[in-house]
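Try each one before reading its solution.

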Amino acid sequence: MPRFALLWGHHRYREYRKLLLQISDALALISIPAAVGVYMLAPQIVILLSSAKYIRAVSSLRLLCLALIFSIFSWIFTSCVLIPAKRENKVLIITILSAVVNLILNLLLMPSLKENAAAITTSLSEAISMFLGMYYNRDIIKGLYKSGFWKEIFTYILGAISIVIICFAGDVLFDSTVMVILFDVVLSIVEYALILIGLKNKFALDVLERVLLRFY
């Protein structure tokens, strides 16, 4: 965030927008497969961290996967855009509105949905925060997320689909919770990286180049 504030404060808007796009791309690269991976491995995660008697927590964990993506981009639009642009009053409005929605929906849904209500309302409040952040900084991010950015998002989604397939395979091949997690995580990381490199994702190619330069 200090870097964003520095660039904005010195009116270096071109560098600011470039950095914002890079951060958005990098966090999308991480958050999309992470959310899909947690969703697919939710039963194993619950069993590993607690026990099989808490298996009903799987639905709550899966509902929170959306919150992961929403919260990351909400952070981008508030901490990396609104605050450096000295629009703290908008951040306050976003925080209050999302908190009020969260509280009201919890009161309404908790009696019927119980622990799932908290997960649903958290995801909704994070989504509200993200969309309000987009609205309040629309003049700053206008024209930023062009077709190139959405092309990269498409590659992340394709990579996430491969994670789903790998996780299904892990469930079939192994009975051990630990083995399923190890198989799914390791193979998913390798497959995801290969897909991004194969589709010539800029971020993945940059990382690969830096790794190769260190060893050669």
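**Exercise 1.** Is His11 buried or exposed?

*Solution.* Start with the ground rules: this is a predicted model, where local features need pLDDT of at least 70, side-chain atom pairs count only at pLDDT 80 or more, and totals for chains, interfaces and linings use all residues. Residues are numbered from 1 along each chain as its sequence is written, and side-chain values use heavy atoms, with hydrogens and water left out.

Next, take the cut-offs: buried means under 20% relative accessible area, exposed over 50%, and partly exposed in between (1.4 Å probe, protein chains only). His11 has a relative accessible area of 54%, so His11 is exposed.

**Exercise 2.** Where do His11 and Lys114 lie, and what is the phi of His11 and of Lys114?

*Solution.* His11 sits in the loop between α1 (2-9) and α2 (13-49), and Lys114 in the loop between α4 (88-113) and α5 (115-136). Helices here are DSSP runs of H or I, at least four residues, and strands are runs of E, at least two, numbered from the N terminus.

Then read the angles: phi is near 60 degrees for His11 and near 55 degrees for Lys114. Most residues other than glycine have a negative phi. Finally, Lys114 is partly exposed, because its relative accessible area is 46%.

**Exercise 3.** Which residues touch the most other members of the largest nonpolar core?

*Solution.* Begin with the term: a nonpolar core is a set of buried Ala, Val, Leu, Ile, Met, Phe, Trp, Tyr and Cys residues joined through side-chain atoms within 4.5 Å. Of the 36 residues in the largest one, the answer is Tyr16, Leu20, Phe73, Ile76, Phe77, Tyr145 and Tyr156. Elements giving two or more residues include α1, α2, α3 (57-82) and α8 (177-198). The largest share, eight residues, comes from α2.
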